Amino acid sequence: HQAASRNNFPIRAYLGVPLVVTKELIGTLELGSLTPGTFKQDDLDFINLLSGQAAVAIHNAMLYREERRRSRELSGLAQLSQAMSLVREPTSIFDKLVQSIVPLIPVDILGFLIYNESTRVLEGKTPFQGLPDPFVEGMYHVPVPSGSALEISFLEQDLIMSEDATEDEKWKHLGLDSMAVTAGLRDSVLVPLTSGGRMMGYLQASNHRDGVTIFTQDELRLLLIIANQAASMIENSNLVQQS
């Protein structure tokens, strides 16, 4: 508060107390006044009395929100596994995967980039949420030249992330900037798809719907779980197709 501009925050008196539950600080309860000397000891005693009840109420609300989020995740992952058990045609696997994953991650662009060993190219697979099928089939390909920075990152199974993919120097170094510009990518993450230690490609998620520019740790954790499940399913589908 001392660093805030008084033109924007013309507060002359301030009263704040910590909100603590079982020794865990969850926030503060704050009061401000435009008049100097507004708050007295009685006000502090009263706010201290309220702070305990407010802390418990907020803590319980946070726990409830977290439990609902986890419940949605578990339900979504269960639906993902169930959907894959119903797949009979290998060509429909990406359709089923994308349909099952989209409700779990609040992004506008989501789909799979699968590595073609014969052409050394990462190929976008339709359907790709947020991108037209003709664009994905005709243009959404990324070459992986031998010895390139992208091949090294690919073989090391790196997770590749950016807050603004079109301007990110790392993405330019990896040769991903052209893909980012043509698709209009902003906040983006490429999550490795690995099965049996073999790298198959990436699960891509880009452009949060709410304008957020970063992927949270919870979102990354969920994407990693999804990618691990999806990679196994894609590998099994490939084996079925080959047999």
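Predicted model: local features only at pLDDT ≥ 70, side-chain atom pairs only at ≥ 80, totals over all residues.
Residues are numbered from 1 along each chain as its sequence is written, and side-chain values use heavy atoms, with hydrogens and water left out.

**Nonpolar cores**

- The largest nonpolar core has 28 residues, of which Leu97, Leu110, Phe112, Leu193, Leu203, Leu223 and Ile234 touch the most other members; such a core is a set of buried Ala, Val, Leu, Ile, Met, Phe, Trp, Tyr and Cys residues joined through side-chain atoms within 4.5 Å, where buried means under 20% relative accessible area with a 1.4 Å probe and protein chains only.
- Two or more residues of this core come from each of α2 (93–101), β3 (107–116), β7 (188–195), β8 (198–208) and α7 (217–242), these elements being DSSP runs numbered from the N terminus, with helices (H or I) of at least four residues and strands (E) of at least two.
- The most is given by α7, with nine residues.
- Apart from this core lies another of 25 residues, including Phe154, Leu174, Met179 and Ala183.

**Helix α2**

- Ile93, Phe94, Leu97, Val98, Ser100 and Ile101 are buried in α2.
- Seen down the axis of α2, the buried residues fall within an arc of 165° and so line one face of the helix, the arc being that of the directions from the helix axis to the C-beta atoms.

**Strand pairing**

- Strands β3 and β4 (residues 121–129) run antiparallel and are joined by six bridges, pairing being assigned if DSSP finds at least two bridges between two strands.
- Ile114 stands opposite Glu123 in β4.

Terms used
Buried < 20%, exposed > 50% of the residue type's maximum accessible area, 1.4 Å probe, protein only.
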